[in-house]
Amino acid sequence: MDDRARRLLAGLLTTAKVIEIGPSLNPLVPKRDGWDVTIVDHETREGLVHKYRLDPSVDPDVIEEVDFVWRGGSLVDLLGSERAGTYDAFIASHVIEHTTDVVRFLQAARTLLKDEGTVILAVPDKRLCFDFFRPLSTTGDAVVAFREKRQRHSAKTHFDYAMYQCTRDGRPGWEPDCRSTPVLTCRIESGLDFMARAELDEYEDAHAWTFTPSSFELMVLELRALGLLDLAIERCEPASHTEFYAWLRPCEEVQDAPTIERYRHGLLERIVLEQAEASLQIVGAPLTRLEELRTGLRALLDRAT
């Protein structure tokens, strides 16, 4: 088990009953290591092996046998009501941002969990990946998708996903101290073509949701306050690059209104600060120059002492 998996799965035993959504070529809880896991993916194992057949970096032997193929609709309906309330952990690494309806995805996680279970998520941090230039998703966005019972990504999602996608040094993800110039990957004249993907017969994937740690916490808090979710953030932590981690627990109790508003206000302030931290990645930005000045002053003080 690598350090990333060890951190995400801390305290979880191989004897726990686990469901992992979309592990594809990098399962966190592989059956071959003795985990009691139900694997849900968008393709069969044979389909995944075929998908990655031309990628020399992919070892097909690590691709797990898929128990349920999920191509839309309710996860609970797919697995069957008899599995509701039976899992100790619901694991999804870089999956939630692809869902068409983030509320129903989290509701399904809660339904499948035992009351003492845990949702374990690895989520792209938009400040550290190709979603860098995209605006944050809001609870309002999530509620609209929920009310629409959205099964396909919208034309707006496809436009934003393509038109504001960028790389740094040719990479789709990077570390917080990266200072290379972000390069947009698509030209604006292609925007209408990307929007048309929403009308194709075949489902077209995209990142529908963009988060920072605090914006994700805010969405979960607000969905709970709206009565749409019985999960609460246990903790949310940054990773070394590209992503952050979140652990959620079942929680039916909703805090009193003043407490909720105090948390909301604090999270909104943290979101602004997170965006300010992201601006440090832009060469020549005011905060970048301030940070360079502070670094120079610290160096001078170090030499003086």
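Contact means heavy atoms within 4.5 Å. The legends below use that sense of the word and describe a predicted model.

**View 1**

**View 2. Seven strands form an open sheet.**
Strands of a sheet pair through backbone hydrogen bonds, either parallel or antiparallel. Here the pairing is mixed, and the strand order is β3-β2-β1-β4-β5-β9-β8. Which strands stand at the edges? They are β3 (68-69) and β8 (231-238). Each of these has a single partner strand, so one side of each is left without a neighbour in the sheet.

**View 3. Strands β5 and β9 pair in the antiparallel sense.**
Strand β5 spans residues 113-124, and strand β9 spans residues 243-250. Six bridges join the pair. Within this pairing, V119 stands opposite L248 of β9.

**View 4. Helix α8 lies across β5, β8 and β9.**
Helix α8 is made of residues 213-225. Its direction is at about 175° to that of β8.

**View 5. Helices α8 and α9 cross at roughly 155°.**
Two packed helices are described by the angle between their axes and the distance between the axes. The axes of α8 and α9 (residues 257-279) come within 8 Å. Angles over 145 degrees count as roughly antiparallel, and α8 and α9 are therefore roughly antiparallel to each other. The crossing of α8 past α9 is left-handed. On the α8 side, the contact is made by P213, S214, S215, E217, L218, L221, E222 and A225. On the α9 side, the residues are I260, Y263, R264, L267, L268, R270, I271 and E274. Sorted by class, this contact of α8 with α9 has nine nonpolar, two polar and five charged residues.

**View 6. Helices α5 and α8 cross at roughly 55°.**
Helix α5 holds residues 139-148, and the axes of α5 and α8 come within 9 Å. The two helices are therefore oblique to each other. Helix α5 passes α8 in a right-handed crossing. T139, A142 and V143 of α5 meet L218, M219, E222 and L223 of α8 in this contact. By class, the contact of α5 with α8 has five nonpolar, one polar and one charged residues.

**View 7. T86 sits in the loop between α3 and β4.**
Helix α3 comprises residues 75-79. Which residue joins its side chain to that of T86 by a polar contact? The partner is K17, and the contact is 3.4 Å. Apart from neighbours within four places in sequence, T86 is in contact with K17, L112, L113 and K114.

How values were computed
Residues numbered from 1 in each chain as written. Predicted model: local features only at pLDDT ≥ 70, side-chain atom pairs only at ≥ 80, totals over all residues. Heavy atoms only, no water. Axes fitted to C-alpha atoms, helices over the stretch in contact; angles between N-to-C directions. Helix = DSSP H or I, 4+ residues; strand = E, 2+ residues; numbered from the N terminus. Parallel < 35°, antiparallel > 145°, perpendicular 65-115°, else oblique. Left-handed = near helix turned anticlockwise from the far one by under 90°. Nonpolar A, V, L, I, M, F, W, Y, C, P; charged D, E, K, R; others polar. Pairing = 2+ DSSP bridges. Polar contact = N/O pair within 3.5 Å; in protein donor to acceptor, adjacent residues only side chain to side chain.
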